[in-house]
Amino acid sequence: MSEEADYGSDADQSPMRPTNPPDAYPVELEQWVAVGEGYQVFVRPIIPEDVARLRYAFDHADIETLRRRFFTAAPPMDRSHLVYLAGVDYDHRLALLAMDRDGVSVGIGRYEQIADGLAEVAIVVAPQWRRRRVGTVLLELLEPVAAAHGITTLKALYLPDNRAVEELLAAIGYGGRHVVDGIVEVTKPIG
């Protein structure tokens, strides 16, 4: 286990590089990416076997991380929800998983098309990896893929007290901030 990952390890939950990926799996998205402080992360599209990683993440997440990502401290964690999160089509729904050099998950970013030309994005980064550009890198890697699949606008939702996400999104071009039912919405045109 790497020293950055003192929160535990999910490296044995699914392969770092899939040996038998789904048919539509975009292998070209697999890559090592430099992030802050001289670190690198391996990024790849999520695969169905990552349900175990998601289960591990939910089981080991702090309440504040869950609240900020799902707007509740008790999001659905049943197997069907995890299967849904890991079961993307790599077109209208895509998730990118970031792992450290030991294969421990450090973040995940995703988009999901919600209307013609519009997709919602979301990110979660392990506490020890925050402020190292992992979230920024994941969102920036999603943009050209979403654009290639007909998405012209990305939308992000977050809680008003989540200043870190607000700053991250503003720094990479999200704007038009408005609050609906206590949730902040911002958008970014990408195509």
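## Two hairpins

Five residues separate strand 3 and strand 4 in a hairpin, and Gly103 in the turn has a positive phi of about 85°. Helices (H or I, at least four residues) and strands (E, at least two) are DSSP runs, numbered from the N terminus. Strand 3 (residues 93-99) pairs with strand 4 (residues 105-115) in the antiparallel sense over seven bridges; pairing requires that DSSP finds at least two bridges between two strands. Met99 has Ser105 in strand 4 as its bridge partner.

Strand 4 also forms a hairpin with strand 5, with two residues between them, and here Gly117 in the turn has a positive phi of about 75°. Eight bridges join strand 4 to strand 5 (residues 118-125), again in the antiparallel sense. Gly109 has Ile123 in strand 5 as its bridge partner.

## A buried arginine

Now to Arg93, which lies in strand 3. Arg93 counts as buried because its relative accessibility is 11%, where buried means under 20% relative accessible area, exposed over 50% and partly exposed in between (1.4 Å probe, protein chains only). Leaving aside neighbours within four places in sequence, the contacts of Arg93 (heavy atoms within 4.5 Å) include Tyr84, Leu85, Arg110 and Glu112.

## About the model

This is a predicted model: local features need pLDDT of at least 70, side-chain atom pairs count only at pLDDT 80 or more, and totals for chains, interfaces and linings use all residues. Residues are numbered from 1 along each chain as its sequence is written, and side-chain values use heavy atoms, with hydrogens and water left out.
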